[in-house]
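Have a look at the model first.

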Amino acid sequence: MARELKFIILDRDGVINEESHEYIKSPAEWKPIPGSLEAISLLSQAGYTVAVATNQSGVGRGYYTEEGLAEIHQKMIACAKAQGGVIDKVFYCPHRPDEHCPCRKPASGLFEQIAAAYKIDLSGVTAIGDSLRDIQAAEKLACKPILVLTGNGEKTLKNNPELRDKIPFFPNLLTAVQALLKKEHNV
């Protein structure tokens, strides 16, 4: 690694913004989870590069286009910026689950794309998600996963009780980030 980089990977739906089983199909439908934009701001102020890794099968299902997805991501990035946060880049998988592509979490393709784009080893990099597939994808590249209980998080923890002893979990992104920064500060 050419330079020392503080890096974090966030899932989108259920972590940064409200989850929708009807899919987030437009910028108007994108609603941040309370505290999530503040969390991104705290990360940015602490010198972290924030990347987002998100499954977006709504593209492959025809619910919205890649252009429409880009507009949603522009809104997310602008909302974070308005709170003093920077989302450096968004990596997404547009494929349906039945396409079995290598980038759809729990596969590791999005994480591999991130590693290649930033020319970094993701070992030990924190990755925050709300689903088992987020945890599994992170673990494949030796990231340190954290589960948040927003979005699908509570269901994920209930259906996978072994995670309680395996990885840290927090009520939401803000509390996860506060704990991460506090731990970093105390080291």
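## A loop serine

Which backbone nitrogen lies 3.1 Å from a polar atom of the side chain of Ser-20? That would be the one of Glu-22, a polar contact (a pair of N or O atoms within 3.5 Å; within protein, one able to donate a hydrogen and the other to accept it, with residues adjacent in sequence counting only if both atoms are side-chain atoms). Ser-20 sits in the loop between E1 and H1, and at 26% relative accessibility it counts as partly exposed. On that scale, buried means under 20% relative accessible area, exposed over 50%, and partly exposed in between (1.4 Å probe, protein chains only).

Before going further: this is a predicted model, where local features need pLDDT of at least 70, side-chain atom pairs count only at pLDDT 80 or more, and totals for chains, interfaces and linings use all residues. Residues are numbered from 1 along each chain as its sequence is written, and side-chain values use heavy atoms, with hydrogens and water left out.

## The sheet

Six strands make an open sheet in the order E3-E2-E1-E4-E5-E6, with parallel pairing. E3 (89-93) and E6 (169-170) are at the edges with a single partner strand each, so one side of each has no neighbour in the sheet. Helices (H or I, at least four residues) and strands (E, at least two) are DSSP runs numbered from the N terminus, and two strands pair if DSSP finds at least two bridges between them.

Take E1 (residues 6-10) and E4 (residues 126-129): they run parallel and are joined by three bridges. Ile-9 stands opposite Ala-127 in E4.

## Helix H8

H8 (residues 173-186) packs on the sheet, touching E1, E2, E4, E5 (144-148) and E6; contact here means heavy atoms within 4.5 Å. At the start of H8, a side-chain oxygen of Asn-172 comes to within 3.2 Å of the backbone nitrogen of Leu-174.

Its buried residues are Leu-173, Leu-174, Ala-176, Val-177, Leu-180 and Leu-181. They cover an arc of only 160 degrees around the axis, which puts them on the same side of H8; the arc is taken from the directions from the helix axis to the C-beta atoms. Lys-182, Lys-183 and Asn-186 are exposed on the face turned away from that buried side.

## Helix H4

In H4 (residues 109-118), the buried residues include Phe-111, Ile-114 and Tyr-118. The buried residues of H4 pack against E1, E2, E3, E4 and H5 (132-140). Just after H4, Lys-119 takes a positive phi of about 55 degrees.

Conventions:
Axes are lines fitted to C-alpha atoms, for helices over the stretch in contact, and angles run from 0 to 180 degrees between N-to-C directions.
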